[in-house]
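Visitor: I have just opened this one and have not looked at it before. Can you walk me through it?

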Amino acid sequence: MMLPVWLLQCSPCALLLMLVTSCGIGLGSSHLRAADANDVDTTPTFKLANNMTVPMIGLGGCSGVRYNAVKSAIDLGYQFIDTAQAHSWGYHEEEVGQALHDAKRRYQDNNDDFVFVQTKIHPQDLGYHSTKKAIQLSLDRLQVTSLDSVLIHKPRCWGDICSHEPEGTWEDSWKALEEAVDSGLVRSIGICDVDNRLLDKLLSKRIAPMVIQNWFDPFHQDKAFRRRIESINKEQDKLGKVDKKILYQGYSTLGNQWKYQGYEENPVMTSIRLLAIAKKYGVSIPQVLIQWATRRGVMVLPASNNPSHQLSNLKSYDFTLTEKEMASIDSLDGKPPQQLHKERDTNEVDIQFTNHASDGPVDVFWVDSDEGHVHVGSMQEAGATLSLTSYHGHSFVFKKSGADDGSLLNRHIVDKSFGSTQNHQIEDKSEEL
């Protein structure tokens with residue numbers, strides 16, 4: 001499975017800084033307090049078609065968000081966690097489940113203050129029977145008897161995002177999801193990456209989508225599609241109903257998608273206009289974007305491993321953007337700055353690792369300059385692969401998932417003399433290390 005590990009696509013000296021500033025690693029504070037009642041009161045909410053009310057900000061689960069990050073988010077006052085089944089895309093569904101279990105904040109814990117959890121089914125599991133199995137997998141991983149929300153992660157496979165041909169289509173999966181709602185196993189259903197043509201088909205289903213999650217940021221605002229969702233919701237309001245309402249969620253609202261469009265720098269986080277607005281209020285660009293997006297009716301799901309960033313994101317309503325500032329951000333749509341392409345670094349190496357070390361999952365770690373281990377991905381079973389771009393001289397270690405004794409299965413040092421594209425079979429050499 002191909003995993004674009006963008007944070008390894010930089011020089012060794014810049015890598016740690018990028019990890020800190022972009023992923024929120026290593027900047028935690030021991031003096032944080034949970035968001036107070038005023039913070040919670042000012043957070044916008046949305047009533048779903050099933051009459052459940054959710055906050056318009058949640059914790060995103062990609063970018064390697066694991067148990068400790070989820071635990072800190074719960075402690076700080078988050079009431080919505082977004083995760084998925086795809087380990088290869090940086091999600092750790094089972095660790096979300098363990099954190100919710102330990103906090104006793106699941107729906108089934110009969111807690112009025114439960115944390116709403118949303119998961120997503122990988123497109124390689126499209127199909128009626130495959131989706132039934134995927135639902136059970138999430139029930140097991142999240143340690144719950146029912147699921148708050150299940151989305152189809154992508155409506156189809158393309159390129160190399162799927163490791164095998166799916167059993168069926170998204171429509172076959174939708175039938176399985178409808179039946180899961182009927183039986184009470186799932187409370188809300190939806191899908192990601194939806195256009196108007198797909199929405200037409202979705203609205204004809206017995207149970208319409210309750211949640212749609214699309215790419216949304218200041219330079220990619222999905223305006224025409226959002227207007228259609230807004231029209232549907234306004235019509236429901238006029239009728240005094242909610243059963244056809246659709247929650248629009250944005251992913252990559254802080255601009256991470258531009259890295260996959262060839263940008264070496266995130267144009268959102270380096271926008272002069274956004275920096276100026278943030279500076280005026282003494283806040284961060286993410287806080288500006290969270291307030292702007294939610295006031296425009298978009299739920300946001302910023303991922304962060306950093307408790308300080310998690311808390312500041314919750315406090316995105318301690319100031320008020322003017323209508324002129326809101327309109328100024330609106331006007332950025334479709335106008336990303338021109339990308340300046342640089343020559344490929346001659347030390348870059350595209351690598352694919354294949355798991356021949358264990359029948360079970362193997363975690364892959366980049367070794368930083370202080371000999372620290374930075375998790376960059378996992379190979380879930382024997383024969384599974386992990387692809388990334390690294391640099392000559394970079395070092396990686398491999399461990400069985402969940403191993404806490406420090407033992408290594410293997411170690412690999414990148415050597416550009418073997419070519420700019422390399423394939424390496426990782427075998428169990430623990431006895432030699």
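Guide: A cavity here is a set of points, on a 1 Å grid over the protein atoms alone, where a 1.4 Å probe fits but cannot get out. Grid points are joined across faces, edges and corners, and a volume is the space filled by probe spheres set on the points. This is a predicted model, where local features need pLDDT of at least 70, side-chain atom pairs count only at pLDDT 80 or more, and totals for chains, interfaces and linings use all residues. Residues are numbered from 1 along each chain as its sequence is written, and side-chain values use heavy atoms, with hydrogens and water left out.

Visitor: How many cavities of 30 Å³ or more are there?

Guide: The count is 1. The largest cavity has a volume of about 110 Å³.

Visitor: Which residues are closest to its centre?

Guide: Arg106, Val117, Val144, Ser146 and Asp148, out of 15 residues that line the largest cavity. A lining residue has an atom within 4 Å of a point. Helix α4 (residues 93-103) gives the largest share of that lining, 3 residues. Helices (H or I, at least four residues) and strands (E, at least two) are DSSP runs, numbered from the N terminus.

Visitor: What classes of residue line the largest cavity?

Guide: There are 8 nonpolar, 4 polar and 3 charged residues in its lining. Ala, Val, Leu, Ile, Met, Phe, Trp, Tyr, Cys and Pro count as nonpolar, Asp, Glu, Lys and Arg as charged, and the others, Gly among them, as polar.

Visitor: Where does β13 sit in its sheet?

Guide: The sheet is open, with 4 strands in the order β13-β12-β15-β16 and antiparallel pairing. β13 (373-379) and β16 (410-413) are the edge strands, each pairing on one side only. From one strand to the next the twist averages 25 degrees. Two strands pair if DSSP finds at least two bridges between them. Axes are lines fitted to C-alpha atoms, for helices over the stretch in contact, and angles run from 0 to 180 degrees between N-to-C directions.

Visitor: Is β13 mostly covered or exposed?

Guide: Mostly covered, with 5 of its 7 residues buried. Buried means under 20% relative accessible area, exposed over 50%, and partly exposed in between (1.4 Å probe, protein chains only).

Visitor: Which cysteines form a disulfide?

Guide: Cysteine 157 and cysteine 162, with sulfur atoms 2.0 Å apart. A disulfide is a pair of cysteine sulfur atoms within 2.5 Å, and the structure holds 1.

Visitor: Are those two cysteines buried or exposed?

Guide: Cysteine 157 counts as partly exposed because its relative accessibility is 26%. Cysteine 162 is buried, at 16%.

Conventions. 1 Å grid on protein atoms, 1.4 Å probe; cavity = no way out; pocket = protein on both sides within 12 Å on 5 of 7 lines; lining within 4 Å.
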